[in-house]
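Let's walk through this model together, starting from the inside. Have the sequence and the 3D view open side by side.

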Amino acid sequence: MKNQIKTVAAYVRVSTTGQNEAGQRAEIERWLQGNGIDPSGVQFYIDKRTGDNLQRPAFEKLQRAVFAGEVGTVVVYKLDRLSRKLRDGISLLCDWCDRGMRVVSVTQGIDFNGTVGKLIASVLFAIAEMEQETRRERQAAGIAVAKKEGKYRGRRPGTTKAKPERALALRDKGLTADEIATALDVSRNTVFRYFRQAGPQPVTATEQPA
């Protein structure tokens, strides 16, 4: 059997739909060109999701390509684009390195492979997780102060990240709950909440909320 030609993949992640991935993509393309790689021949995987877990549509698609042996190199803007969780990040990187893959963080200027790469990555993932927890602690502290001063009102009842009508329109077009959640950048359970607000509707076994 002939050896499969492995490709270069680029992964981009922004936390919300309001953020623009153009900056990350530009830096990755600059690195690719500097290393003699034509960006037009590179598959970009782009997610607009939190880095708290690995359940992201584009990332899961990238993982399927990795498992199929199609990817030899993954290029990212920064390591925390892959994950903000230490355990997830280290497990992911170790798996990729064990497969003989090259993982490049263009802004950190590091190629992650072998024992040294794993050691450096563990430190960077730990820093990313610490930064995430620090942000949450500050947010919680700010909310606590606002509540004490009587200024915190919380989220207004009925407000949503996307209009329920849009979810219903997409369902009418035949999209699944997972596809609607991806399109609206909300959770799967939020999609089902939109459906419940609209009244009883027939739901297939595969469409039940997790």
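## The core and what surrounds it

The largest nonpolar core has 22 residues, and L62, V71, L82 and W96 have the most contacts inside it. A nonpolar core here is a set of buried Ala, Val, Leu, Ile, Met, Phe, Trp, Tyr and Cys residues joined through side-chain atoms within 4.5 Å. Buried means under 20% relative accessible area, exposed means over 50%, and partly exposed is in between (1.4 Å probe, protein chains only). Two or more core residues come from each of β1 (7-14), α2 (57-67), β3 (71-76), α3 (86-98) and β5 (110-112). The largest share, 5 residues, is given by α2. Helices (H or I, at least four residues) and strands (E, at least two) are DSSP runs, numbered from the N terminus. As background, nonpolar side chains in soluble globular proteins tend to be buried together.

A word on provenance: this is a predicted model, where local features need pLDDT of at least 70, side-chain atom pairs count only at pLDDT 80 or more, and totals for chains, interfaces and linings use all residues. Residues are numbered from 1 along each chain as its sequence is written, and side-chain values use heavy atoms, with hydrogens and water left out.

Now for two of those core residues. Contact means heavy atoms within 4.5 Å. Not counting residues up to four places away in sequence, L62 touches A9, Y11, Y45, V71, V74 and W96. L82 sits in the loop between β3 and α3, and at 0% relative accessibility it counts as buried. With residues up to four places away again left out, L82 touches Y11, L54, R56, F59, V76, L92, W96 and V103.

Which residues of α2 are buried? They are A58, F59, L62, Q63, A65 and V66. Just after α2, G69 takes a positive phi of about 80 degrees. G69 lies in the loop between α2 and β3 and is buried, with a relative accessible area of 18%.

## Rings and charges

There are 3 aromatic pairs in the structure. Rings of Phe, Tyr and Trp (its six-membered ring) pair if their centres lie within 6.5 Å; planes under 30 degrees apart count as stacked, over 60 as edge-to-face and the rest as tilted. The ring centres of F192 and F195 are 5.9 Å apart and their planes are at 80 degrees, so this pair is edge-to-face. Both F192 and F195 are buried. They are 3 residues apart in helix α7 (residues 188-197), which separates them by about one helical turn.

## Links across the sequence

Here are some residue pairs that are separated along the chain, with their C-alpha distances.

| Pair | Apart in sequence | C-alpha to C-alpha |
|---|---|---|
| R99 and V66 | 33 residues | 8.9 Å |
| G69 and T7 | 62 residues | 9.3 Å |
| L82 and D52 | 30 residues | 9.6 Å |
| I46 and E21 | 25 residues | 7.9 Å |

I46 is in strand β2 (residues 43-48) and is partly exposed, at 30% relative accessibility. Leaving aside neighbours within four places in sequence, I46 is in contact with V12, E21, R25 and A58. R99 is in the loop between α3 and β4 (102-105) and is partly exposed too, with a relative accessible area of 36%.

## The whole chain

The chain has 7 helices and 5 strands, in the order β-α-β-α-β-α-β-β-α-α-α-α. Of its 210 residues, 37% count as buried.

How far can you trust the details? The mean pLDDT (the predictor's confidence in each residue, from 0 to 100) is 76, and 65% of the residues reach 70 or more. Over residues 202-210 the pLDDT is below 50, and this stretch has 14 contacts in the model beyond near neighbours in sequence. Where pLDDT is low, the predicted coordinates should not be read in detail.
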